[in-house]
Amino acid sequence: MYDFSSDPNQPKAELYSDLLSAAKALTEGEPDTIANMANIAALMYQIVPNLNWAGFYRMVQDELVLGPFCGKPACIRIPVGRGVCGAAVGTGQSQLVPDVHAFPGHIACDAESRAELVVPIMRDGKVIAVIDLDSPLPNRFDQEDQKGIEALAEILSARV
Ligand code: SME
């Protein structure tokens, strides 16, 4: 049994070290993409403080399609280049958005979302999925969050 909880006062270095260890343990030896994405979405939502959405969009043919997540129901399909998730695919780069209201083309799935972090998961030089985190707090994410979620994306590259 796993028992994870979030502590808003935990230093981020420790938080992401815990997150990565737990993610490795949860996905070790498991080849099923949905099972692994579902567990990692739940893990991020439990461990990372102040989120209102945490999950995945997958590249299916030429567009992003909603994957396992925690939070309110979200838009299902996102064309490449649209919104924050589509920008992560179009550029192949993480998108750290301090205030979604100021991001041109942001797709509002939950009106409460104010900050967003989207990190591409790459395999063989291509984006295969993105990790998407939303927060109701403006400026919620910084470089340390980005580095932590990028390290998670690297682990998941071979496990989703
Ligand atoms: N805000 C995202 C859409 C996905 S939801 O946040 C879950 C975007 O602009 O791509």
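1. A residue is counted as near a molecule if one of its heavy atoms lies within 4 Å of it. The model is a predicted one. In it, 13 residues surround the ligand, and the closest are V84, C85, I107, E116 and D134.

2. A backbone N or O atom of C85 is 2.8 Å from a ligand oxygen atom. For I107 a backbone N or O atom is again involved, lying 2.8 Å from a nitrogen atom of the ligand. D134 uses its side chain: one of its N or O atoms there is 2.7 Å from an oxygen atom of the ligand.

3. How much of the ligand does the protein bury? Taken alone, the ligand exposes 310 Å², and the protein buries 100% of that. The space that the ligand takes is the largest cavity.

4. Strand 1 (53–60), helix 3 (83–91) and strand 6 (126–135) are the elements that give two or more residues to the shell around the ligand. Helix 3 provides the largest share, three residues. Sorted by class, the shell has eight nonpolar, two polar and three charged residues.

5. Strand 1 has pairings to report with two strands. Strand 2 (residues 63–71) runs antiparallel to strand 1 and is joined to it by seven bridges. Strand 6 also pairs with strand 1 in the antiparallel sense, over six bridges. G55 can be followed in both pairings: it stands opposite F69 in strand 2, and its bridge partner in strand 6 is D132.

6. The hairpin of strand 1 and strand 2 has two residues between the strands. Q61 in this hairpin takes a positive phi near 50°.

Notes
Residues numbered from 1 in each chain as written. Predicted model: local features only at pLDDT ≥ 70, side-chain atom pairs only at ≥ 80, totals over all residues. Heavy atoms only, no water. Polar contact = N/O pair within 3.5 Å; in protein donor to acceptor, adjacent residues only side chain to side chain. Areas by Shrake-Rupley, 256 points an atom, 1.4 Å probe, with all protein chains shown as cover. 1 Å grid on protein atoms, 1.4 Å probe; cavity = no way out; pocket = protein on both sides within 12 Å on 5 of 7 lines; lining within 4 Å. Sits in = over half its atoms within 2 Å of the grid points. Helix = DSSP H or I, 4+ residues; strand = E, 2+ residues; numbered from the N terminus. Nonpolar A, V, L, I, M, F, W, Y, C, P; charged D, E, K, R; others polar. Pairing = 2+ DSSP bridges.
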